[in-house]
2 protein chains.
Amino acid sequence: MKLGRLNHIGVATPSIADSIAHYRDVMGATHITEPFDLPEQGVKVCFVDTPTESGMNGTQIELIEPYDENSPINGFLAKNPAGGQHHVCFEVEDIAAAREWFEGQGKRILGPTRIGAHGTPIFFLHPKDMQGILTEIMETPQGEGH
Amino acid sequence: MKLGRLNHIGVATPSIADSIAHYRDVMGATHITEPFDLPEQGVKVCFVDTPTESGMNGTQIELIEPYDENSPINGFLAKNPAGGQHHVCFEVEDIAAAREWFEGQGKRILGPTRIGAHGTPIFFLHPKDMQGILTEIMETPQGEGH
């Protein structure tokens, strides 16, 4: 296992529209994707791009808003009504090998491997096994080597 | 105001030694700095580097452990004994201009501008004014353009 790109930090918000206004008007973000629904994950999603030395390919801010009353982030927002840092997501080259690795390390995986917001397979690791941080592992999109 | 690099995410931990072992042995981090004390901030600090397409210059994970019983992160760790995501830090070119900008936006700044873990001036913004996220603003180190 080799540490991959920090693809994004997941930020829960009660309103993606308000958060987009915040990142655009207060923080000065220039690249924000259109929000879209991920009903299987129970969230609406959009991404705020951040810069690196070589472009806007830095760690993204993934804004997530509950999709409906069964959203898995409703509990987080009940405790954090203004929103807040919800998870982090690291890239791996091979999701199956990564799943096997973390299982071998005794880390609890939350549910099956599924398709995430970037269209590649992902899974989540239990925060209690990951230094208190809900951690998403995501296969790097094809053609985006690192 | 233009969104700068996401310099680091701040992760509180009850033990930097344990967290270093986690990032090295479980996550596969290859570049982790030696821990050092920042007594004025009340924390011990070290940085885990993450990759981008062009090197190990991605968003860092800043591990912070309480320096003593007066540490400002003791309250966070009392609520989150395993540790967790504590803050995010964005770079700006001019810390004085950024301070003026956020003040003009009605955002509460926590204390004076001071020298942060990277040796450049920083300040923190109140999480209640920043979408629930304790936000650090940091002047980009000289010679590290972006």
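This is a predicted model: local features need pLDDT of at least 70, side-chain atom pairs count only at pLDDT 80 or more; totals for chains, interfaces and linings use all residues.
**Polar contacts between the chains**

I started with polar contacts between chain B and chain A, and the count is eleven residue pairs, both residues at pLDDT 80 or more. Next I looked up which elements of chain B touch chain A. Those giving two or more residues to that side are β1 (6–12), α1 (16–26), β5 (84–92) and α3 of chain B.

**Salt bridges**

How many salt bridges does the rule find across the interface of chain B and chain A? I got two. I looked up B:R5, which forms a salt bridge with A:E53. Their closest N and O atoms are 4.0 Å apart.

**Contacts and buried area**

I then went for the whole interface. On the chain B side 48 residues are in contact, and they meet 48 residues of chain A. The area buried between the two chains is about 3,900 Å². Carbon and sulfur atoms give 62% of that area. Which residues in chain B lose the most area to chain A? My notes say B:L3, B:Q85 and B:Q131, together 20% of what that side buries.

**Aromatic pairs**

Rings were my next stop. In chain A, the pair is A:F102 with A:F123, 6.3 Å centre to centre with 75° between the planes, and it is edge-to-face. I wanted to know where these two sit. A:F102 is in helix α3 (residues 95–104) and A:F123 is in strand β7 (residues 121–125), so the pair ties together parts of chain A that are 21 residues apart in sequence. Buried or exposed, I asked of A:F102 and A:F123? Both A:F102 and A:F123 are buried.

For burial, B:F102 has a relative accessible area of 0%. B:F123 also comes out at 0%. I call B:F102 buried, and B:F123 is buried too, because the cut-off is under 20%.

**An arginine over the ring**

Last entry: what lies over the face of A:F123? I found A:R99 there, at 5.6 Å from the ring centre. In chain B, the charged end of B:R99 sits over the ring of B:F123, 5.6 Å from its centre.

Note on methods
Residues are numbered from 1 along each chain as its sequence is written. Chains are lettered from A and ligands numbered from 1 in the order in which they are written. Side-chain values use heavy atoms; hydrogens and water are left out. Rings of Phe, Tyr and Trp (its six-membered ring) pair if their centres lie within 6.5 Å; planes under 30 degrees apart count as stacked, over 60 as edge-to-face and the rest as tilted. Helices (H or I, at least four residues) and strands (E, at least two) are DSSP runs, numbered from the N terminus. Buried means under 20% relative accessible area, exposed over 50%, partly exposed in between (1.4 Å probe, protein chains only). A charge sits over a ring if NZ of Lys or CZ of Arg is within 6 Å of the ring centre and within 35 degrees of the ring normal. Contact means heavy atoms within 4.5 Å. Buried area is the accessible area (1.4 Å probe) that two parts lose on being put together, summed over both. A salt bridge is a side-chain nitrogen of Lys or Arg within 4 Å of a carboxyl oxygen of Asp or Glu. A polar contact is a pair of N or O atoms within 3.5 Å; within protein, one must be able to donate a hydrogen and the other to accept it, and residues adjacent in sequence count only if both atoms are side-chain atoms.
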